[in-house]
Amino acid sequence: MPFSDAARGAAAHATDVRTINPVDAGGAVKASFKVVKHVGHGVCQPGSYQTGTESKCPAPAAAAGVLDPCWPLAPAKTMVCQAKPWVHKLVRVHVRNSTAGGTGFRAVAVPWGLRIGAKTRCLHDVGSVRKVDGHPLIYHCSHHHDVFGPLRDGGSTWKAHVYRTHAHTRSGYKSLGWRTVVIAWKGADAPPPATPPPTPSGLL
């Protein structure tokens, strides 16, 4: 099970916050990453939907039609894009423009991805309008789990309100309560999650 007793026991540890950047200081792909695909003649834009501090490159063959986030390589007009923070496979894009000095970079208030428990991985869902109990869908996760509403910042340990898909409820989800975020992946300089208002008693 993704949320085993052992995983819950380990949840007392601090959340491991990891900053993702597949490019080294010299503008080359780091040894722990691998380029597995090449895309030519892209037009990239500053302001990643996932991290804010990187770029995005529209590409018809990509999921949702965009490669996001993406980082510049040396020489100029070459970028690499990563679909999921826990998968170190990259797409190299040869771009026709430059995002240097662009005005679209911004802060994104939530991490790009999460690991909750031993196996459940969650990716920031940018375009969803789905809500449960008045809370928006923030992360789409593996093992039929999703995260609704803001993360709870408890200092060194972050929590996420996890729901499991459930066919026999009106919303289609069943609350599993608050779960510890074991790993949080973010882009460079992304802020920690905002602390939501206190949760009413009985919802913990």
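How many disulfides does the structure hold? I found three disulfides, a disulfide being a pair of cysteine sulfur atoms within 2.5 Å.

I note that this is a predicted model, in which local features need pLDDT of at least 70, side-chain atom pairs count only at pLDDT 80 or more, and totals for chains, interfaces and linings use all residues. Residues are numbered from 1 along each chain as its sequence is written, and side-chain values use heavy atoms, with hydrogens and water left out.

**Entry 1: Cys44 and Cys57**

I looked up the link of Cys44 to Cys57, a disulfide with an S to S distance of 2.0 Å. The pair links distant parts of the chain, 13 residues apart: Cys44 lies in the loop between strand 2 (34–42) and strand 3 (45–46), and Cys57 in strand 4 (residues 55–58). Helices (H or I, at least four residues) and strands (E, at least two) are DSSP runs, numbered from the N terminus. The torsion about the S-S bond of Cys44 and Cys57 is about 105°, so this disulfide is right-handed. I then checked burial, where buried means under 20% relative accessible area, exposed over 50%, and partly exposed in between (1.4 Å probe, protein chains only). Cys44 is buried at 3% relative accessible area, and Cys57 is buried at 1%.

**Entry 2: Cys70 and Cys81**

I recorded a disulfide between Cys70 and Cys81, with sulfur atoms 2.0 Å apart. Cys70 belongs to strand 5 (residues 66–72) and Cys81 to strand 6 (residues 78–82), 11 residues apart. Both Cys70 and Cys81 are buried.

**Entry 3: Cys122 and Cys141**

I recorded a disulfide between Cys122 and Cys141, S to S 2.1 Å. It connects strand 9 (residues 120–124), which holds Cys122, with strand 11 (residues 135–141), which holds Cys141, 19 residues apart. With 105° about the S-S bond, this link is right-handed. In sequence order, the bonded cysteines of the protein pair as 1-2, 3-4, 5-6.

**Entry 4: nonpolar cores**

Which residues of the largest nonpolar core touch the most other members? I found Leu114, Ile116, Cys122, Tyr139, Val147 and Leu151, out of 15 residues. A nonpolar core is a set of buried Ala, Val, Leu, Ile, Met, Phe, Trp, Tyr and Cys residues joined through side-chain atoms within 4.5 Å. Strand 8 (113–116), strand 11, strand 14 (158–165) and strand 15 (173–186) each supply at least two residues of this core. Leaving out residues up to four places away in sequence, Val147 touches several residues, including Ile116, Cys122, Cys141 and His161; contact means heavy atoms within 4.5 Å.
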